[in-house]
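Subject: Structure for you to look through

Hello,

I am passing on the structure we talked about, and below it I have written out what was found. Please read the notes with the structure open beside you.

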Amino acid sequence: MELFDNLALGFGVAFTLQNLMYAFIGCLLGTLIGVLPGIGPLATIAMLLPATYALPPVAALIMLAGIYYGAQYGGSTTAILVNLPGESSSVVTVIDGYQMARQGRAGPALAAAGLGSFFAGCVGTLILAAFAAPLTELAFKFGPAEYFSLMILGLVGAVVLASGSLIKAIAMIILGLLLGMVGTDVNSGVARYSLDIAELTDGIGFIVIAMGVFGYGEIISNLSKHESERKIFVASVTGLMPTKEDFKNMVPAVLRGTALGSLLGILPGGGAVMAAFAAYTLEKKTKLRPGEVPFGKGNIRGVAAPEAANNAGSQTSFIPLLTLGIPPNAVMALMVGAMTIHNIQPGPQVMTSNPELFWGLIASMWIGNLMLVILNLPLIGIWIKLLSVPYRWLFPAIVLFCSIGVYSTNNNTFDIWMVAIFGVIGYLFIKLGTEPAPLLLGFILGPMMEEYLRRALLLSRGDWSVFVTRPLSASLLAAAMVLLVVVLMPSVKSKREEAFVED
Amino acid sequence: MNIKSQKDFFSGLMFMCVGVAFAWGASSYNIGNGARMGPGYFPLVLGVLLSVLGGVITFKALVVETVDGEKIGTIAWRPLFFIIAANLVFGASIGGLPSIGMRPLGLIFGIFALTFIASNAGDEFNFKEVTILAFILAVISYAAFILLLKLQFPVWPAFLTA
């Protein structure tokens, strides 16, 4: 079996002492930062990215993947113990998880989240490994028109499945695309929108945007709330093991969550958030067994299913990134940036030209998942201690690490001035109720989209019909249209809003 | 006419302004045509699209009723000012300000300055506590970034080392 040969190659790469160590450090750092309330995976990755600069590419990517999983896991811990979703994908975990914690069942809730995620992670990794090769084959059939249409589909998917106002999300994507235009145009050499500032001819750094908007913007908005709104009630944890009854309830929920998560993760724009929401809704629809706690009151299925789903989703969302080079969500957009810094252009050619990196990364994802179970369950006491660190000590530290991180990317203070500007902009976005995640996605895709559009139209001599006459491209665009139409239908529209305001 | 949703009204305005600015900027570059796109083509299209969307959002904010008027609310000037100021002062200490002839004051000074300024953004400010925090952060950063990751930062003030 080719799949097993590939996986064997991957594990060979991942099981070197050095790479195991980086996976471990990544998971540890990711959890450490991810546990802190109010810091999502995006800010965590942006903040820790500079720590990987000095590493060789394989090790750096392995560490980054570890950071990503760690941040996601850490977020669930925070959600369950303090009723604060660290990131959007654990919003639903809060509902039943926190109720369990209040009833003194924080241990089983954490175990359900941990074991559920681990199982989902294993399945996700297998799916990723199985689908990678055929999809890469397909990717080689893609011309510029197909890539352009695929990006449209991805962007549409990202806004359709995002929460909040659809039209504002689309506007944010376009704003992101425009920000991506800043800098030297590769074809003509013209420095666009550089305002005669030398540093801007290289474009705006994506770390600058990520840290300014997600780091500083969030901090300012957090600080503007009164202390009482940030009040943290930390539940105590006694006994980790779920009961036999818990397991009986948990297992089918985890299975359903994993299946749903894997599916939604592959779809462009899907990813972890939608997976978690969908899984929770599905669990709520299934009938309660006699004597089972109702949902919203601390049902273990309400923790296990969304956690499994979001982990499976975050795993399979690597598929479009690694095979097509197209980031399906903002976190993956950050990964593209990270890979580019290490001189890897994500896309179908990675697998053929750099198989050690490709399969090593996949193998280390599984190892990362395993490490997280080991890290999280026995060490839970340490994470709880971290949660009790007051915010007034945390935020100066976050500001500091953002500043250092930004400066160290280019050793240039210009980036620090830029991050200040984007911090203000980020706060403005929060105040105006516009979601910044689509902006980052647009920003990363901007230059790529322009390039593919340009090439497609150059080949067709300016004939726009090329996007609909090529079958692959046409079906991608049709899929995007269908998505948009479905979401705009009145019945679905109200359902969608319902799903996102879920008590 | 009443504004039905403040948030949407102003975000629509923002999108319109930015869209127009980018489209106007694009017109100073060579636009070209579909088959041979100039550097201005794509940004022009996007800029126009963004201003149209901004217009629609603003229009909807004036017409469609919302429950609570979606007020923007008060702006948190205090955290906004101190967080951004802390960041700027840190930048100035680590890189210096060549334009006014200021030489770098180094990482350690920068960390203390940043911590003290940023701490003002919170609800309470306890001098002793902030000093301890700054000290701890300085030690951690020195160990992690200078000793472990070997990043090239000026650590001490330039007038001491030079």
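To begin with the overall make-up, how many helices and strands does the secondary structure of chain A come to? In this model, which is predicted, the secondary structure of chain A comes to 23 helices and 2 strands.

A:Ile152 lies in helix H7 of chain A, which covers residues 144–161. Is A:Ile152 buried or exposed? A residue is called buried if 20 or more other C-beta atoms lie within 10 Å of its own, and because A:Ile152 has 21 C-beta neighbours inside 10 Å, A:Ile152 counts as buried. Once its neighbours within four places in sequence are left aside, A:Ile152 is in contact with A:Leu477 and A:Ala480. A:Asp415, by comparison, is 263 residues from A:Ile152 in sequence, and the C-alpha atoms of these two residues are 30 Å apart in space.

Next, please look at a pair of helices in chain A. The axes of helix H3 (residues 41–48) of chain A and helix H14 (residues 330–341) of chain A come within 9 Å and cross at roughly 10°. Angles under 35 degrees count as roughly parallel, and H3(A) and H14(A) are therefore roughly parallel to each other. The crossing in which H3(A) passes H14(A) is left-handed. On the side of H3(A), the contact is made by A:Pro41, A:Leu42, A:Ile45 and A:Ala46, while H14(A) brings A:Ala330, A:Val331 and A:Leu334. Sorted by class, this contact has 7 nonpolar residues, with no polar and no charged ones.

The two chains also meet each other, and the contact takes 54 residues from chain A and 56 residues from chain B. On the side of chain A that touches chain B, at least two residues each are supplied by helix H8 (166–181), helix H9 (206–224), helix H18 (391–410), helix H19 (413–432) and helix H20 (437–459) of chain A. Which of these helices gives the most? H18(A) does, with 11 residues. By class, the residues on this side of chain A divide into 35 nonpolar, 10 polar and 9 charged.

Finally, chain B is divided into domain 1 (6–63) and domain 2 (77–161), and the centres of these two domains of chain B, taken over C-alpha atoms, are separated by 39 Å.

With best wishes

Methods: Residues numbered from 1 in each chain as written. Chains lettered and ligands numbered in written order. Predicted model: local features only at pLDDT ≥ 70, side-chain atom pairs only at ≥ 80, totals over all residues. Contact = placed C-beta atoms within 7 Å. Helix = DSSP H or I, 4+ residues; strand = E, 2+ residues; numbered from the N terminus. Nonpolar A, V, L, I, M, F, W, Y, C, P; charged D, E, K, R; others polar. Domains from an automatic or database assignment. Buried ≥ 20, exposed ≤ 12 C-beta atoms within 10 Å, placed from the backbone. Axes fitted to C-alpha atoms, helices over the stretch in contact; angles between N-to-C directions. Parallel < 35°, antiparallel > 145°, perpendicular 65-115°, else oblique. Left-handed = near helix turned anticlockwise from the far one by under 90°.
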